[in-house]
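Subject: A structure for you to look at

Dear colleague,

I am passing on the structure we spoke about, with the sequence beside it. Please open it first, and then read the notes below with the model in view.

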Amino acid sequence: MEYKLNFELVPDGCWYSNLRSILSKAQWEFIRNDARERAGGRCMVCGKKSNSLEAHERWSYDEKNGIQKLEDVVAVCKDCHSVMHIGHTQLKKGNIEKYENHFMKVNNCTYAEYCKALSDANAEHRRRNLVSDWKINLNYLRRYIGDQLL
């Protein structure tokens with residue numbers, strides 16, 4: 001089933017492959033602010049109006065070739081961001097019921113459908129963890145900083 005809000009579990013070997021650790025602070029701020037500007041003050045997933053949108057990196061994973069590819073940087077509310085990174089949320093934030101409810105509300109689904117989606121995401125995460133060495137593709141950044149990092 002296709003959902004507006006999805007779990008985006010990052011393979012263990014890619015946990016520190018994020019833009020904040022690769023880019024300068026000024027470069028990251030520019031990209032983050034661009035995402036916020038494109039969002040127009042609304043979460044790009046659930047549409048909730050917010051003055052404190054967070055930048056979320058959207059990645060795709062080519063398991064056959066071991067490539068983690070940056071697809072987009074989007075601005076999302078804290079609740080959507082917590083759902084996307086549900087594993088981290090479970091470990092650090094507690095009150096998981098709040099995020100279960102947010103997933104179900106945004107996706108207009110039942111608790112059983114929430115559980116199935118989470119189970120599927122965990123299975124995908126386990127499968128992706130079988131790739132021992134991920135290479136990173138940052139072609140998306142060309143629109144911002146040219147070929148400097150690529």
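**Around histidine 81**

The side chains of histidine 81 and glutamate 54 are joined by a polar contact of 2.6 Å, and please keep in mind as you look at it that this is a predicted model. Histidine 81 is part of helix α3, and its relative accessibility of 15% means that it counts as buried. If residues up to four places away in sequence are left aside, histidine 81 touches Glu54, Ala55, His56 and Val76.

As a general background, nonpolar side chains in soluble globular proteins tend to be buried together. Here the largest nonpolar core has 43 residues, and the members that touch the most other members are Phe7, Val73, Phe103 and Leu141. Two or more residues come from each of α2 (25-39), β1 (54-62), β2 (67-76), α3 (78-84), α5 (96-107), α6 (111-128) and α7 (142-145), and of these β2 gives the most, with five residues.

Which residues does phenylalanine 7 touch, not counting residues up to four places away in sequence? They are Val83, Met84, Ile86, Phe103, Tyr114, Ala117, Leu118 and Ala121. Phenylalanine 7 counts as buried, because its relative accessibility is 9% and the cut-off for buried is under 20%.

**Aromatic rings**

The structure holds eight aromatic pairs. In one of them, the ring centres of phenylalanine 7 and tyrosine 114 are 5.7 Å apart and the planes are at 75°, so this pair is edge-to-face. The pair links distant parts of the chain, since phenylalanine 7 lies in the segment before α1 (19-22) and tyrosine 114 lies in helix α6, 107 residues apart. Tyrosine 114, at 2% relative accessibility, also counts as buried.

Is tyrosine 111 buried, partly exposed or exposed? With a relative accessible area of 46%, tyrosine 111 is partly exposed. Taken together, ring pairs link Tyr3, Phe7, Phe103, Tyr111 and Tyr114 into a cluster.

Finally, there is a contact between a charge and a ring, in which the charged end of arginine 20 sits over the ring of tryptophan 28, 5.4 Å from its centre.

With best wishes

Key
Residues numbered from 1 in each chain as written. Predicted model: local features only at pLDDT ≥ 70, side-chain atom pairs only at ≥ 80, totals over all residues. Heavy atoms only, no water. Core = buried A, V, L, I, M, F, W, Y, C linked by side-chain atoms within 4.5 Å. Buried < 20%, exposed > 50% of the residue type's maximum accessible area, 1.4 Å probe, protein only. Helix = DSSP H or I, 4+ residues; strand = E, 2+ residues; numbered from the N terminus. Contact = heavy atoms within 4.5 Å. Phe/Tyr/Trp six-rings, centres within 6.5 Å; stacked < 30°, edge-to-face > 60°. Lys NZ or Arg CZ within 6 Å of the ring centre and 35° of its normal. Polar contact = N/O pair within 3.5 Å; in protein donor to acceptor, adjacent residues only side chain to side chain.
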